Amino acid sequence: MLRRAGGIAYELTYKKVKNLNLRLRADGSVAVSAPRRVPLAEIDAFVAGRAGWIERARAKAPPPLPEPPPDEVCRAVFAPYLEKYAPLFGGMPKIRLKTLRSMWGCCRPARREITLNRRLAAAPAAAVEYVVLHEFLHLRYPDHGAAFHAALDRMMPDNRARRALLRTGDWKNPDSVVK
């Protein structure tokens, strides 16, 4: 049910919960879950009382991630780095492309499988290479222990700067994505 309180539009869902819960979604919309016993006036007051926090959180929110480019574009972007590192790690593992929400890639060493986020194809080349190497290293080092970081530092001394590229930059602006 869509409602408005304190200048904030929100979606209300009744659930089997003990407390009122307010969630600011990635798109900036507000969702509230509430127990059935709580009156609408109390829920509206709850949202209105947090209007300032909601607006500050929206202002601080990072820009939305770009829409992922088509698979053909992703393959063309990732291929040089996959081909560069595959021989160093026992050949090409199975590569999957997915649109992931919270990570740039993941590795399943037991299955020799690397999954790369399609959105990564819009990132700077240095960041793409960092993620590809990072995932290849997980074929040898399944965790982020000292041995993993030592190998990463040895193979890519500027890895921290490359990783920082993933968190900053206007490349995340949807208007700058390769289509």
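Student: Which residue forms a salt bridge with Lys94, and how far apart are the closest N and O atoms?

Tutor: This is a predicted model, so the distance is a property of predicted coordinates. The partner of Lys94 is Glu113, with the closest N and O atoms 3.9 Å apart. The cut-off for a salt bridge is 4 Å, so the pair counts as one.

Student: Is Glu113 buried or exposed, and is Lys94 buried or exposed?

Tutor: Glu113 has a relative accessible area of 4% and is buried. Lys94 is exposed, at 51% relative accessibility.

Student: With which Arg does Glu113 form a salt bridge?

Tutor: Arg108 forms a salt bridge with Glu113, and there the closest N and O atoms are 3.8 Å apart. Arg108 counts as partly exposed, with a relative accessibility of 38%.

Student: How many salt bridges does a search of the whole structure find?

Tutor: The search finds 11. One of the pairs is Asp158 with Arg162, whose side chains meet at 2.9 Å, N to O. Asp158 is partly exposed at 37% relative accessibility, while Arg162 is buried at 15%.

Student: Which residues are linked with Asp158 and Arg162 in a network of salt bridges?

Tutor: Lys84 and Glu129 are linked with them in the network.

Student: Turning to pockets, what is the volume of the largest pocket, and how many residues line it?

Tutor: The volume of the largest pocket is about 540 Å³. Its lining has 22 residues, and those nearest the centre are Trp104, Tyr130, Arg163, Leu166 and Arg167. Helix 4 (125-140), helix 5 (146-155) and helix 6 (159-167) are the elements that give two or more residues to this lining.

Student: How is the lining of the largest pocket divided by class?

Tutor: The lining has 8 nonpolar residues, 8 polar and 6 charged.

Student: What is the mean pLDDT of the protein chain, and where is the pLDDT below 50?

Tutor: Where pLDDT is low, the predicted coordinates should not be read in detail. For this protein chain the mean pLDDT is 90, and 92% of the residues reach 70 or more. The pLDDT is below 50 over residues 174-179, a stretch with 9 contacts in the model beyond near neighbours in sequence.

How values were computed:
Residues are numbered from 1 along each chain as its sequence is written. This is a predicted model: local features need pLDDT of at least 70, side-chain atom pairs count only at pLDDT 80 or more; totals for chains, interfaces and linings use all residues. Side-chain values use heavy atoms; hydrogens and water are left out. pLDDT is the predictor's confidence in each residue, from 0 to 100. Contact means heavy atoms within 4.5 Å. Buried means under 20% relative accessible area, exposed over 50%, partly exposed in between (1.4 Å probe, protein chains only). On a 1 Å grid over the protein atoms alone, a cavity is a set of points where a 1.4 Å probe fits but cannot get out, and a pocket is an open set with protein on both sides within 12 Å along at least five of seven lines; lining residues have an atom within 4 Å of a point. Grid points are joined across faces, edges and corners, and a volume is the space filled by probe spheres set on the points. Helices (H or I, at least four residues) and strands (E, at least two) are DSSP runs, numbered from the N terminus. Ala, Val, Leu, Ile, Met, Phe, Trp, Tyr, Cys and Pro count as nonpolar, Asp, Glu, Lys and Arg as charged, and the others, Gly among them, as polar.
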